[in-house]
Amino acid sequence: MPRRSHQPPVADTQAPPTPPTPPAPTLPTTVAVVLVTYESAEHLPACVASLPPAAAPHDVELVVVDNASRDDSVGIARSLGAKVVENPRNLGYSEGVNRGAAETAAPWLLVANPDTLLAPGSLARLIETASADPRIACIGPRLRNLDGSDYPTGRRFPSLLVGGLHALLAPVWPGNPATRRYHLASIDRTVPAKVDWVSGACMLLRRSAFDEVGGFDSAYFMYFEDMDLCLLLARGGWKVVFEPRAIVDHVGGGSTRAAPYRKVLNHHRSTLRFYRRRYAHDPRLALVPLVAAALLVRAVLSVARTALERRRAARGR
């Protein structure tokens with residue numbers, strides 16, 4: 001009877017799984033902060049004071065572009081060490097940002113309103129998240145209103161139906177399905193998320209991507225320039241990301257309270273321009289006359305409502 005071989009079991013030679021490599025630390029860099037001011041003297045000092053602790057360990061290069069303010073925005077900006085660009089007249093937000101960006105060669109551009117306050121570490125967090133993926137061109141923080149509520153940044157591009165229903169229903173039914181869809185209410189807002197666009201009240205831009213798409217479209221005086229830029233970036237294969245771990249407080253409305261009728265005009269004009277941009281090569285472009293007529297009606301109603309509110313406020317005073 002043949003003898004059985006009693007060899008010891010073969011040892012498992014498979015190497016143990018390699019633990020995931022931690023991301024490389026983000027090396028200190030320079031971020032240019034571009035602030036476009038218009039009657040912003042009241043808010044500018046606090047905004048600028050919040051930048052160094054928000055950016056550390058990164059260096060901040062401050063550029064202030066003033067749109068012919070009648071207050072001391074320019075003097076305050078200079079006293080705070082900013083490079084100041086003085087426009088002879090109000091050229092609008094988009095052109096203001098473009099002129100500020102032309103004054104710096106920094107690899108990152110933070111575009112922010114002068115009535116924002118960046119929490120400590122918030123700008124560094126934006127840079128860290130964006131640096132981890134070379135296709136991230138634009139990243140926006142969690143924006144908070146003065147009452148602590150969240151401003152709905154990090155949204156989708158609205159379709160004609162969703163945009164129309166949102167405009168019609170949001171003033172009387174904020175939680176309607178169209179508004180929730182437009183605001184991406186269903187996504188997890190505790191972690192970074194890919195979105196269609198983030199608010200221009202505060203957005204970090206990769207300089208190479210910003211230059212590639214030609215910056216902001218200067219035809220937008222105010223409103224929709226942020227959505228338009230993100231659309232151009234997406235069409236170029238870039239990513240837009242919402243980063244909730246970076247927190248920025250925003251007063252809001254500072255540049256429009258003194259000119260509410262101009263606000264209404266610019267908002268509706270920019271809406272039509274964005275619609276034409278988005279559907280430039282789409283059959284829905286044929287609906288431009290209908291969209292324009294609807295926007296005209298809405299603008300007239302908005303002007304009437306604004307006038308009524310101002311009369312009530314005057315009587316109250």
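Me: Which strands each supply at least two residues of the lining of the second largest pocket?
Reply: β6 (136-144) and β9 (239-250) do. Strands here are DSSP runs of E, at least two residues, and helices are runs of H or I, at least four residues, both numbered from the N terminus. This is a predicted model, where local features need pLDDT of at least 70, side-chain atom pairs count only at pLDDT 80 or more, and totals for chains, interfaces and linings use all residues. Residues are numbered from 1 along each chain as its sequence is written, and side-chain values use heavy atoms, with hydrogens and water left out.

Me: Which residues line that second largest pocket?
Reply: The lining consists of Arg142, Leu143, Asp150, Tyr151, Pro152, Thr153, His183, Arg189, Phe242 and Pro244. A pocket is an open set of points on a 1 Å grid over the protein atoms alone, where a 1.4 Å probe fits, with protein on both sides within 12 Å along at least five of seven lines; lining residues have an atom within 4 Å of a point.

Me: How do the lining residues divide into nonpolar, polar and charged?
Reply: Five are nonpolar, two polar and three charged. Ala, Val, Leu, Ile, Met, Phe, Trp, Tyr, Cys and Pro count as nonpolar, Asp, Glu, Lys and Arg as charged, and the others, Gly among them, as polar.

Me: What volume does the second largest pocket have?
Reply: About 160 Å³. A volume is the space filled by probe spheres set on the grid points, which are joined across faces, edges and corners.

Me: Changing topic. How many helices and strands are there in the protein?
Reply: There are 10 helices and nine strands. The protein has 317 residues, of which 45% count as buried; buried means under 20% relative accessible area, exposed over 50%, partly exposed in between (1.4 Å probe, protein chains only).

Me: What span should helix α10 have, and how far apart are its end C-alpha atoms?
Reply: Helix α10 (residues 288-316) has 29 residues and should span 42 Å at 1.5 Å a residue; its end C-alpha atoms are 41 Å apart, which agrees. The expected span is 1.5 Å times one less than the number of residues.

Me: Which residues of α10 are buried, and what covers them?
Reply: Val288, Val291, Leu295, Ala299, Ser302, Thr306 and Ala307 are buried. Their cover includes α5 (160-169) and α9 (260-278).

Me: What does serine 302 touch, not counting residues up to four places away in sequence?
Reply: Serine 302 touches Val264 and His268, contact being heavy atoms within 4.5 Å. Serine 302 has a relative accessible area of 7%, so it is buried.

Me: And why is α8 called largely enclosed?
Reply: Because eight of the 11 residues of α8 (residues 225-235) are buried. They are Glu225, Asp226, Met227, Asp228, Leu229, Cys230, Leu231 and Leu233. Just after α8, glycine 237 takes a positive phi of about 90 degrees.

Me: Where is aspartate 217?
Reply: Aspartate 217 is in the loop between α7 (207-212) and α8. Its relative accessibility is 15%, so it counts as buried. Leaving aside neighbours within four places in sequence, aspartate 217 is in contact with Ser94, Asp228, Arg273 and Arg277.

Me: Is glycine 214 buried or exposed?
Reply: Glycine 214 is exposed, at 55% relative accessible area. Glycine 214 also lies in the loop between α7 and α8.
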